[in-house]
Amino acid sequence: MKDFYKMQNNARKLLHGADYNPEQWNLDPKILDEDFRLMHQAGFTSVSIGIFSWTKYEPREGCFEFEWMDRLMDRLAKENITAFLATPSASKPMWMSEKYPEVRKVNREGLRERSGGRHNHCPSSLVYRQKVTQINTQLAKRFGNHPALGLWHVGNELGNHLAGECFCSHCLARFRQWLQERYQTLDALTEAWWGHFWNHTITDWEQIDPRDMTIDGMQVDWRRFVSHLHTEFLEIEIAPLKEHSPDILCTNNFMGFCPDFNYHQWSKTLDVISNDSYPNYDGTARTTRTAANTSLEHDLIRALAHNRPWLLMECSPSMVNWMRVNKLKPPHVHRMEVAQAVAHGADGVQYFQWRKGRGGKEKYHGAVVDHDARPDTRVFREVVEVGNMLDDWKGVLGSTTPDSPVAIVYDWESGWALNSSFGIKHPPAPQIGFTDASKELLLDHHWGIWNAGAGCDLIFSDENFATELSKRAIVSAPILHMAEQPVADALLDYVTDGGTLVLTHRSIVVDQSNRVHRGGLPGLGLHEAAGARIEEINSLFEDESVGIRATKTFAEELSGTYQTYEAFGCLHLDDAEVVARYTTGWQSGQPAATRKTHGEGEIWLVAGNFDDNFYNAFYKMLVQRHQLAKVVDITLPMGVHATVRENGETRFIFIINYTPEEKSINIPEGVCDSRAIPLSGSHKLAPFDVCLLQHPV
Ligand code: GAL
């Protein structure tokens, strides 16, 4: 396998680079010279190229022109910059769209999309798949052994348009076929989809239309199928690359918590996991909360990478151009953002984009090089600083994050179930898109865990579930909404053996067909073990809330009063201990959270969407009760966060100030900074400052 961290001069470095589109400038030699001069100043090691270049390679069907890329690759080799060469499937040539209309997606209304835009090919189109195989074969044969090639960047943000959906007759036929394989008979399908409701009894496979949002079981199957189509597509992309360049690893850049696709499934087809991340880091006090959310996203990517190093393939060195309000990042925030990714296991950071184009939709999107092409800009200077920091930190390369005693269970199917079920607080989106009803609750629980300081891993309810559970003292499953008996049994065994499990009003509610478990919730034996069940769930208007207060036993650990928002469960108590009660409204006095020992362990049932203060106090209490060591033995002020990476010899401690205020920490004896200079005593962290400490393991 080619080591893509290894530059041609054999140095192994944390990667620093960007999406690079010199074809937009017709590979103007003057601009190229300027680009490479500036890239070296910025400490660049790598660039992603050729992402949207299909027409440049194949201006007319079957007529290929690769010489321009030969020259660019040769130049990159000479400049000692590694190429992440893309396959160009993320946008298709106009001639192809015209000649083969079937490669264009059909939208929900049944209309075939026009040629333009991007990411809008039909994922099942046989013509498109054949064209992808052809161009990828040519690329792999021509560049597979090129010294500049480090990594195949397969497509770009696969599926990123209309939630990956296409409603053409071919996709629909494939869906029906997929369902036949899954269910075999229409009776089984009817049973799974609760088909006697509203006459939704399918009597012929041809009647199936995934646009009917009222069949909630079908919605989950549709998402499964769309994910599956894209897995197939990825495999088709990768096959020729592997055939002709078996030593080159493949990646596709994920979109974080994208609710549309099962990245857990996709990750199995990829060698390297990479992600695109665009947190709205505006430098206000909100930054701390955004930092916690972003940390969770990084932890998700790290989990998909099986805790091996991953790549931040895209982030913006300044602003983006697609948010409602596109804020610049204040000074030092960009360095903080990059440090955060490395602190969570990334071994490289790239930007979108190297240079702003003069035209097109992204001409005002942040870039390392602005239209003035000057190095004396604030953004360029900060990128140079980041380059220097990554160079200083090269010792970190290849190190990994030790397992955390606290974990959150995550899966995509639960999100699909929640998002397609009517009656929860958020009404389901007209199509399952970026409105994600489950994410807020996940982020809230994580916020509490993040502040408790003992670290956090994401784990999946897959074949390694029991092993992953067994490594943890505390497991939180706030949005594990969909589960079958083996998953519930693994949770019960975990608790019986001494684990602490946190469940909510959204946990263990439906089976794999989105049908509610019978006999009380959380289902499948969990509410019996928890000693309490969620009897009803009430929703709240935006300006409404209900108070909560801890019972006497817990009053010291959960001091003060807290609020609910959005939704809360009314608990029916069996034999659990009450941890907190509602204090206002007609539910006043009823339990809001409970605890019960089960075997050697315990289950905490936290029945609603509670406020941040509650989660902070709650997880602090759990961490203290378990006497879990903090990630670092340093008292960290609020908003300053630490993570650790290790490589067998050295322990790297990343301390990041995610606040706009100066903070100070007390560094113990025996640690050094990233240049191995001993450091101890009081240390000031400027706003958004970062600090890397290390000591032998
Ligand atoms: C990503 C995409 C890039 C660029 C970027 C802008 O989603 O992969 O090509 O469009 O967003 O933020």
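## A helix wrapped up inside

Val 333, His 334, Arg 335, Met 336, Glu 337, Val 338, Ala 339, Gln 340, Ala 341, Val 342 and Ala 343 are the buried residues of helix H11. Here buried means under 20% relative accessible area, exposed means over 50%, and partly exposed lies in between (1.4 Å probe, protein chains only). Helices (H or I, at least four residues) and strands (E, at least two) are DSSP runs, numbered from the N terminus. Since 11 of the 11 residues of H11 (residues 333-343) are buried, the helix is largely enclosed by the rest of the structure. Just after H11, Gly 345 takes a positive phi of about 105°.

Before going on, a word about what you are looking at. This is a predicted model, in which local features need pLDDT of at least 70 and side-chain atom pairs count only at pLDDT 80 or more, while totals for chains, interfaces and linings use all residues. Residues are numbered from 1 along each chain as its sequence is written, and side-chain values use heavy atoms, with hydrogens and water left out.

## Salt bridges

Side chains of opposite charge can pair when their charged atoms come close. A salt bridge is counted when a side-chain nitrogen of Lys or Arg is within 4 Å of a carboxyl oxygen of Asp or Glu. By this rule there are 46 salt bridges.

Arg 335 lies in helix H11 and Asp 689 in the loop between strand E24 (678-685) and strand E25 (690-696), so the pair ties together parts that are 354 residues apart in sequence. Arg 335 is buried at 17% relative accessibility, and Asp 689 is buried at 15%.

Glu 165 and Arg 108 also form a salt bridge, with their closest N and O atoms 3.2 Å apart. This pair links distant parts of the chain, 57 residues apart: Glu 165 is in the loop between strand E4 (149-153) and helix H6 (169-183), and Arg 108 is in the loop between helix H4 (94-99) and helix H5 (126-143). Both Glu 165 and Arg 108 are buried. For another setting, look at Asp 391 and Lys 394, whose closest N and O atoms are 3.4 Å apart. Asp 391 is partly exposed at 31%, and Lys 394 is partly exposed at 38%. Salt bridges can also join up: Asp 299, Arg 302, Asp 403, Asp 457, Glu 468, Lys 471 and Arg 472 are linked in a network.

A disulfide is a covalent bond between the sulfur atoms of two cysteines. With a cut-off of 2.5 Å between the two sulfur atoms, the count is 0 disulfides. Cys 258 is in no disulfide, and the nearest cysteine sulfur, that of Cys 171, is 17 Å away. Cys 258 is buried, at 1% relative accessibility.

For Cys 315, the closest cysteine sulfur is in Cys 258, and at 19 Å this is too far for a bond. Cys 315 is buried too, with a relative accessible area of 0%.

## On the surface

Patches are made of residues with over 30% relative accessible area and no salt bridge; nonpolar side chains (Val, Leu, Ile, Met, Phe, Trp, Tyr) are joined within 5 Å and like charges within 9 Å. Trp 194, Phe 197 and Trp 198 form a nonpolar surface patch, with about 420 Å² of accessible area together. Phe 197 sits in the loop between helix H7 (186-192) and helix H8 (216-244), and is partly exposed at 37%.

Asp 489, Asp 493, Asp 497 and Glu 600 gather in a surface patch of negative charge. Within this group, Asp 493 belongs to helix H16 (residues 485-496) and is partly exposed, with a relative accessible area of 47%.

How values were computed: Accessible areas come from the Shrake-Rupley method with a 1.4 Å probe; for residues, only the protein chains shown count as cover. Lys and Arg count as positive and Asp and Glu as negative; His and the chain ends are not counted. The place of a charge is taken as NZ of Lys, CZ of Arg, CG of Asp or CD of Glu.
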